[in-house]
Structure formats: structure tokens, C-alpha cells
Amino acid sequence: MARILWLNWSGGGNLPPSLGIARVLTERGHTVAFAGRPEMVPRVKAAGLRAIEFAQAYAQVDRYPRGHPMSRAACYLTSPAVAEEAKTIVETEAPDLILIDGMFPAALAQAAQFGCPAIAVCHQFCFRIIDRWRNTNNTMLNGMRQQAGFPGLPELDRLWLGCDRIIVTTLGEFDGAPLPGWESVRHVGPVLEDEKVAIPIALPWREDDSIPLVLMSFSTGFEQRSVQKLQNGLDALADLPVHVVVTTGGVVDPAELKPSANAVIFKYAAHDPILRAAALSITHGGHGTLMRCLAHGVPMVLIPGLAHDQAPNAAIMQQWGTGVALPGDAGSAAIREAAQQVLSTPSYRQNAQLRSSSLKGVDGAANAANEIEAVLASSPVTGAKDRTSGQALQ
């Protein structure tokens, strides 16, 4: 069985599906260790997996633009100190295969030096929003790295296509037309894994209550923390004939919010049992949340946050007729109007249910594990490619 190392970006929508894939690999007898920023460590340990902390995650953060909400993230994802530590971790761990988050350019740029097969993992649409991916890597992250005084890293296409395979955790039929030259992409379907903190919770309403249930949940990434967005949603729904369940993902303390009489607020909760009964989800538009809502046939009101994918994801849901997209700074009145529109228009629910049929029986974690094992089978230990003379991308 193989030793697998995951060089991870523990963004809100990235770590849970990564843990789901790791769970399946572990069940099949492989050993999986995660290496990531300090915030990742307790979450990985809670899943029963070994976690390695990047001690240099923020060592060079003072050189990155001050006051930017993504400065710490950009430092971890792009800094030379992290790139050097990634090489040291790989040398120490001596894995048979490395998985690298597609949003981790400092690690992706070292793939040729790692001496074993490397797979990039994209927990998001790939082809459908490729220009957003390129802009985030080539302009935003690379730009912040260069503002810090470091030379730029390669463009996204070179980073991803430099790996043996690219695993994309969405459905191919959802992802638009393939790009020429990107034959290494494998769509495996969404991985809808809950972390250990997301447990079923008891709601105060009867199961046969006819009043519509609304789930409201935004990003679990601290970079996207917004008390105001949650409060706007609560205020928007306060006078509507709905029951409201809010989960704050641990980035907002429920005590910071003023709940309405028709709402309950939790730090964490398993979303699947709630969505099985829900008539509407109000969400930031992260890919995992979209797929979970569509899997249950639940339409959405989408209020994107900072992440590069959320605004285009919201636009896609509106295009598909499965939700209404609002601007990221939408106020209570706009949220109320959008919620009323979705709840009163049957086509939103019908379109979401149509999409759900494509997701039935799809096990993205198992499919991803199959792709990883296929790379291992074709590239035993040293890899099918001769990487011993490889140089890090400059």
C-alpha cells in the first residue's frame, strides 16, 4: 500500500472534500498525511489523520501587502519560505505519491523536484471558470508575491499541466467544454464530506410542520468572516413565514448575532438532514455547498464572498434557473425579495431537482481514489516519468 502526502490549502471548501478522499484511501489500506497551515492541523487530526504543520506558513507575511484580507493566505500559498519547507517535508516523508491543492502554487511549482508522481486537485468547476482560476493565480496571488519582492511563479496552466493528473471534484457534464491539451483532467464528481464538528442537530419545529424551512450558511474560511452578512440574512427573513436555521461555521460566534423569533443559530451542524427538509438555501456559492444543495434538489439565494469562484458560481446557478444571484454586499431588502421570489416560483425547485438526478449515485471520493490508484499503478514509487533530473519551475 502507498504512502500519500497531501500538500493542502485548508480553505472552507477545500479541506472537507480532501478529507473525504483521504478517508476512502485509508479504508483501502493507504497511508495519508496532510501538510498545511497551522489552522488546518486540528481539523485533520479530528478526522483521525496525521497532520504536519508548515512552520514557515506566515514567516514572510510582513512582506505581503498590509491590510489586504488575503495577505496571510497569499503568504502561505506563494512565499519562498513555504516552497522550501514543502521540499523539506517531501524529503522527510518520502511519499509514493503527492496530492497538491490546485490553489497552492508554491507547492505546485516544486512538483518536478519531488521525485514521485504528483496530482493537482481542484475542488471546483475547472473549465467553466478557468479564466477566474488563471486570474486568481496569475494576477492576484502572483501579484501579491511580487509586491512582497519575490520573483513571480509560473502561470496556472503550466503549474497544473506539470502534474501527472488533475482531479476535479465536480461532474464533467456540469463543467463546460474541455480545453485542448488538458487531457490529464479527470472529473470524479463532488465529494460531500462532513467534518467531525458537523453533527445532526435537533430543530425546535415538528417534522411535519408545513412552514418552509430555510438554511443559511456562508463560508467557513476566516478570510471571509462576515457578521453583517449573516445579520442581514436574519433580518431579511425575520418577517417571512419561514423557519430559519443558521450555521456560522465557527468563524462567527452565534452570540454576535441578533436572532429573530423564527430562527435558530448553531456554530456547526450537518447540512444533509436540514437540506432534506429545506425549501431554500441562502449561501455564499462555494462549490461544495452548491453541489450539496443540488443533490437535495434545493434552490438557492447566492451572496458571494471574497473567493474567486463564488461570484461566477452564483451566476451559473442563476443561469441554470436553480437560484437567484445577489451582489456580495446585498442588504436585507434584496435578500428578502430574492427569498420570496425563489420560494414562490416552482421552477427554481424543479430545476434544482433536475440537476439532482445527475448526482444520484455519484461517489466522488471513491472515484478520486480510483484515479489516484491508477496513477500509482502506472508510476510505482519513482513514477512513470523520470523526475530525478527535474528542476523546480521558475
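These legends accompany close-up views of a predicted model.

View 1. Strand β6 spans residues 165-168. R165 and I167 lie on one side of the strand. I166 and V168 lie on the other. These four residues are all buried, so both faces of β6 are covered, buried meaning under 20% relative accessible area.

**View 2. Strand β5 beside β6.** Strand β5 covers residues 118-122. β5 and β6 run parallel and are paired over four bridges. In this pairing, V121 stands opposite I167 of β6.

**View 3. Strand β7 beside β6.** Strand β7 covers residues 185-187. Its pairing with β6 is also parallel. Three bridges make up this β6-β7 pairing.

View 4. S217 sits in strand β8, residues 213-217. S217 counts as buried because its relative accessibility is 11%, below the 20% cut-off. Its side chain makes a polar contact of 2.9 Å with the side chain of T247. Leaving aside residues up to four places away in sequence, S217 touches T247, H271, I282, T283 and H284.

**View 5. Confidence along the chain, and residues 382-394.** The chain has a mean pLDDT of 92. A pLDDT of 70 or more is reached by 94% of its residues. Over residues 382-394, the pLDDT is below 50. Beyond near neighbours in sequence, that stretch has 28 contacts in the model.

Technical notes. Residues numbered from 1 in each chain as written. Predicted model: local features only at pLDDT ≥ 70, side-chain atom pairs only at ≥ 80, totals over all residues. Heavy atoms only, no water. Buried < 20%, exposed > 50% of the residue type's maximum accessible area, 1.4 Å probe, protein only. Helix = DSSP H or I, 4+ residues; strand = E, 2+ residues; numbered from the N terminus. Pairing = 2+ DSSP bridges. pLDDT = per-residue confidence, 0-100. Contact = heavy atoms within 4.5 Å. Polar contact = N/O pair within 3.5 Å; in protein donor to acceptor, adjacent residues only side chain to side chain.
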